[in-house]
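Keep the sequence at hand as you read.

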Amino acid sequence: MLSLSTLVMRLAPEDVSAKLTGYEHNGVTCVGMKTDIPVILDEAITKLNPDYFWLGGGEIDLKLGIRTSEFVKFANPFIINCSGP
């Protein structure tokens with residue numbers, strides 16, 4: 001598992017994000033992106049009970065609910081601790 005201390009992460013500027021993902025600000029999702037961008041998932045989400053969470057759906061007011069285990073199979077994310085001490 002990767003550690004946050006080994007990564008430098010920041011948000012992309014809105015114009016760059018839109019160009020890379022195909023989605024506008026506050027509508028970005030990893031489903032159907034224009035380019036193959038690595039997905040990062042906090043390990044705390046993998047421990048949710050029930051095994052379910054919400055993510056962006058491609059538009060500001062649209063969200064997708066998915067089982068965490070299915071999301072991991074689909075997106076093959078890097079799972080890291082980026083929300084805890």
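Where is the place of asparagine 26? Asparagine 26 sits in the loop between helix 1 and strand 2. Helices (H or I, at least four residues) and strands (E, at least two) are DSSP runs, numbered from the N terminus. This is a predicted model, in which local features need pLDDT of at least 70 and side-chain atom pairs count only at pLDDT 80 or more, while totals for chains, interfaces and linings use all residues. Residues are numbered from 1 along each chain as its sequence is written, and side-chain values use heavy atoms, with hydrogens and water left out.

Stay with asparagine 26. Its phi is positive, about 70°, although asparagine 26 is not a glycine. At 52% relative accessibility, asparagine 26 counts as exposed. Here buried means under 20% relative accessible area, exposed means over 50%, and partly exposed lies in between (1.4 Å probe, protein chains only).

Asparagine 76 also has a positive phi, near 45°, and is a residue other than glycine. Look for asparagine 76 in the loop between helix 3 and strand 5 (78-81). Asparagine 76 is exposed, with a relative accessible area of 64%.

Now turn to the loop between helix 2 (43-46) and strand 3, where proline 50 has its place. The peptide bond from asparagine 49 to proline 50 is cis, with omega near 10°. Lysine 47 lies in the loop between helix 2 and strand 3. At 60% relative accessibility, lysine 47 counts as exposed.

Lysine 47 leads on to threonine 68. The two are 21 residues apart in sequence, and 8.7 Å apart in space from C-alpha to C-alpha. Threonine 68 belongs to helix 3 (residues 68-75). Is threonine 68 buried or exposed? Threonine 68 is buried, with a relative accessible area of 2%. What is threonine 68 in contact with, leaving aside its neighbours within four places in sequence? The partners are Leu41, Ile45, Thr46, Asp51, Tyr52 and Phe53. Contact means heavy atoms within 4.5 Å.

Next comes a strand pair. Strand 3 (residues 53-56) and strand 4 (residues 63-66) pair in the antiparallel sense, over 4 bridges. Two strands pair if DSSP finds at least two bridges between them. Trace the partners across. Leucine 55 stands opposite leucine 64 in strand 4. Glycine 56 stands opposite lysine 63 in strand 4. The hairpin of strand 3 and strand 4 has 6 residues between the strands. In this hairpin, glycine 58 takes a positive phi near 100°.

Then find the largest pocket. About 1000 Å³ of space lies in it. Of the 32 residues that line the largest pocket, the closest to its centre are Arg10, Leu11, Ala12, Val28 and Pro38. Helix 1 (14-21), strand 2 (40-42) and strand 3 are the elements that give two or more residues to the lining. Which element gives the most to the lining of the largest pocket? Helix 1 does, with 5 residues. By class, the lining has 21 nonpolar, 7 polar and 4 charged residues.

The pocket terms need their cut-offs. On a 1 Å grid over the protein atoms alone, a pocket is an open set of points where a 1.4 Å probe fits, with protein on both sides within 12 Å along at least five of seven lines; lining residues have an atom within 4 Å of a point. Grid points are joined across faces, edges and corners, and a volume is the space filled by probe spheres set on the points. Ala, Val, Leu, Ile, Met, Phe, Trp, Tyr, Cys and Pro count as nonpolar, Asp, Glu, Lys and Arg as charged, and the others, Gly among them, as polar.

How many disulfides does the structure hold? It holds 0 disulfides, a disulfide being a pair of cysteine sulfur atoms within 2.5 Å. For cysteine 30, the nearest cysteine sulfur is that of cysteine 82, 14 Å away. Cysteine 82 is likewise in no disulfide. At 18% relative accessibility, cysteine 30 counts as buried. Cysteine 82, at 34%, counts as partly exposed.

End with serine 83, in the segment after strand 5. Serine 83 is exposed, with a relative accessible area of 57%. Leaving aside its neighbours within four places in sequence, serine 83 is in contact with Asp42 and Ala44. Serine 83 and leucine 48 are 35 residues apart in sequence and 14 Å apart in space, C-alpha to C-alpha.
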